[in-house]
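Hi,

Here is the structure I promised to pass on.

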Amino acid sequence: MAVIEVSKLHKRYGGTVAVDDVSFDVERGEIFGILGPNGAGKTTTVECVGGLRTPDHGAVSVLGLDPRRDRADLTQRVGVQLQQSELPEKMKVGEALELYSSFYRKPADWERLIDDLGLGGKRDARFGKLSGGQKQRVSIALALAGSPEIAILDELTTGLDPQARRDTWQLIEQIRDRGVTIVLVTHFMEEAERLCDRIAVIDSGRVAAIDTPAGLVSRVSPGQRIRFRPSPALDDRLLRDLPEVHEVTRSGEQLAVSGSDGLLQAVTSVLARNNIIAADLRVEQTSLDDAFVALTGRSIN
Ligand SMILES: Nc1ncnc2c1ncn2[C@@H]1O[C@H](COP(=O)(O)OP(=O)(O)OP(=O)(O)O)[C@@H](O)[C@H]1O
């Protein structure tokens with residue numbers, strides 16, 4: 001059952017069209033990713049979903065409610081953690097959670113929440129003294145303070161080190177396991193691939209595709225890519241002439257050869273016949289990065 005329905009959403013700021021005819025549905029219980037580069041319109045989209053912005057056109061329904069008209073009801077049922085949510089530096093973690101919980105009709109047990117989020121020892125710590133990862137945990141805790149059915153999390157792991165990012169991913173999975181539907185805005189491929197059940201790829205305000213991570217990857221022509229350093233150096237034409245080879249690119253001494261199934265065998269046979277050793281040989285499968293490039297014509301970064 002869809003808990004969020006967005007249809008032909010459109011929003012412009014002066015001369016900039018930020019969101020251009022965006023449509024998608026989010027099913028109950030899933031982690032739905034909104035993936036795109038900076039400026040793609042992701043934040044504007046989720047702000048419209050959360051009732052924080054008014055679309056110019058289009059329809060948004062969240063748990064059957066209109067986010068603008070029914071804002072008071074919606075805030076009781078949808079937790080929003082937006083980019084750069086900052087608390088006063090001197091505020092203590094426990095004070096912030098207690099205050100936020102008081103806004104809700106059915107608040108979560110905030111003491112348990114801070115324990116669950118690994119912040120038990122930080123209850124009396126001031127927000128300004130926390131690490132980046134701890135601040136993110138507090139902002140997740142605040143988004144969950146009202147026991148929401150849906151949590152909207154925007155660029156949650158930007159600025160975190162790889163370990164803190166992985167810890168945050170685990171947390172998000174735990175939150176989903178409790179039955180909360182999650183909308184996750186991100187520009188990290190790995191994050192989207194690891195966490196999301198489905199992803200809307202957004203570029204320049206438009207939806208380029210919506211699918212599971214595996215479904216997005218399978219839209220790109222299936223094939224293989226191999227990388228190696230030929231020793232001695234090799235004339236690229238030997239490889240380009242093979243029917244299995246689509247493309248040969250060179251970066252310094254390293255060659256990247258992409259092509260269809262059977263590529264590895266065809267290339268290694270040519271190398272063996274010509275007494276060429278393939279040093280540092282790696283075989284790569286098509287990734288979400290490749291899918292993104294194929295869908296949008298450019299890399300996310
Ligand atoms: N309040 C605003 N006033 C004017 N332009 C805005 C405003 N907010 C966003 N924009 C512009 O709208 C476009 C979409 O911005 P938005 O923040 O929604 O994208 P995003 O995908 O979330 O990017 P980021 O990841 O950098 O936040 C950008 O070109 C941005 O500069």
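**Ground rules**

This is a predicted model, in which local features need a pLDDT of at least 70 and side-chain atom pairs count only at pLDDT 80 or more, while totals for chains, interfaces and linings use all residues. Residues are numbered from 1 along each chain as its sequence is written, and side-chain values use heavy atoms, with hydrogens and water left out.

**Overall picture**

The average pLDDT of the protein (the predictor's confidence in each residue, from 0 to 100) is 91, and 98% of the residues score at least 70. For the model as a whole, ipTM is 0.95 and pTM is 0.84.

The protein has eleven helices and 13 strands. Both are DSSP runs numbered from the N terminus: helices are H or I with at least four residues, strands are E with at least two. The C-alpha trace spans about 75 × 45 × 35 Å along its principal axes. The domain assignment gives domain 1 (2-217) and domain 2 (221-285); such bounds come from an automatic or database assignment. Taken over C-alpha atoms, the centres of domain 1 and domain 2 are 43 Å apart.

Of the 301 residues, 47% count as buried. Here buried means under 20% relative accessible area, exposed means over 50%, and partly exposed is in between (1.4 Å probe, protein chains only). One buried example is Val-185, with a relative accessible area of 0%; Val-185 sits in strand β7 (residues 181-186). From Val-185 to Leu-216 is 31 residues in sequence and 17 Å in space, C-alpha to C-alpha.

Which residues come nearest to the ligand? Of the 14 around it, they are Gly-39, Gly-41, Lys-42, Thr-43 and Thr-44.

Gly-39 uses a backbone N or O atom, 2.7 Å from a ligand oxygen. Lys-42 places a polar side-chain atom 2.9 Å from an oxygen of the ligand, and Thr-43 places one at 2.7 Å from a ligand oxygen. Taken alone, the ligand exposes 630 Å², and the protein buries 63% of that. Those areas come from the Shrake-Rupley method with a 1.4 Å probe; for residues, only the protein chains shown count as cover.

Strand β2 (16-27) and helix α1 each supply at least two residues of the shell around the ligand, and α1 gives the most, with three. Helix α1 (residues 42-49) is itself mostly covered, with seven of its eight residues buried. Among the buried ones are Lys-42 and Thr-44. Just after α1, Gly-51 takes a positive phi of about 80 degrees.

**Salt bridges**

How many salt bridges does the structure hold? The count is 27, with a salt bridge being a side-chain nitrogen of Lys or Arg within 4 Å of a carboxyl oxygen of Asp or Glu.

- Asp-197 pairs with Arg-176, with the closest N and O atoms 2.7 Å apart. The two are 21 residues apart and link distant parts of the chain: Asp-197 is in the loop between α7 (189-195) and β8 (198-203), and Arg-176 is in helix α6 (residues 162-177). Asp-197 counts as partly exposed because its relative accessibility is 30%, and Arg-176 is partly exposed at 21%.
- Glu-284 pairs with Arg-227 at 2.8 Å, N to O. This pair also connects distant parts of the chain, 57 residues apart, with Glu-284 in strand β13 (residues 277-285) and Arg-227 in strand β10 (residues 224-231). Glu-284 counts as buried, at 18% relative accessibility, whereas Arg-227 is partly exposed at 22%.
- Asp-235 pairs with Arg-237, again at 2.8 Å, N to O. Asp-235 is partly exposed at 36%, and Arg-237 is exposed at 56%.

Glu-284 and Arg-227 also belong to a network of salt bridges, which links them with Arg-225, Arg-282 and Asp-290.

Cheers

Conventions
A residue is near a molecule or strand if one of its heavy atoms lies within 4 Å of it. A polar contact is a pair of N or O atoms within 3.5 Å; within protein, one must be able to donate a hydrogen and the other to accept it, and residues adjacent in sequence count only if both atoms are side-chain atoms.
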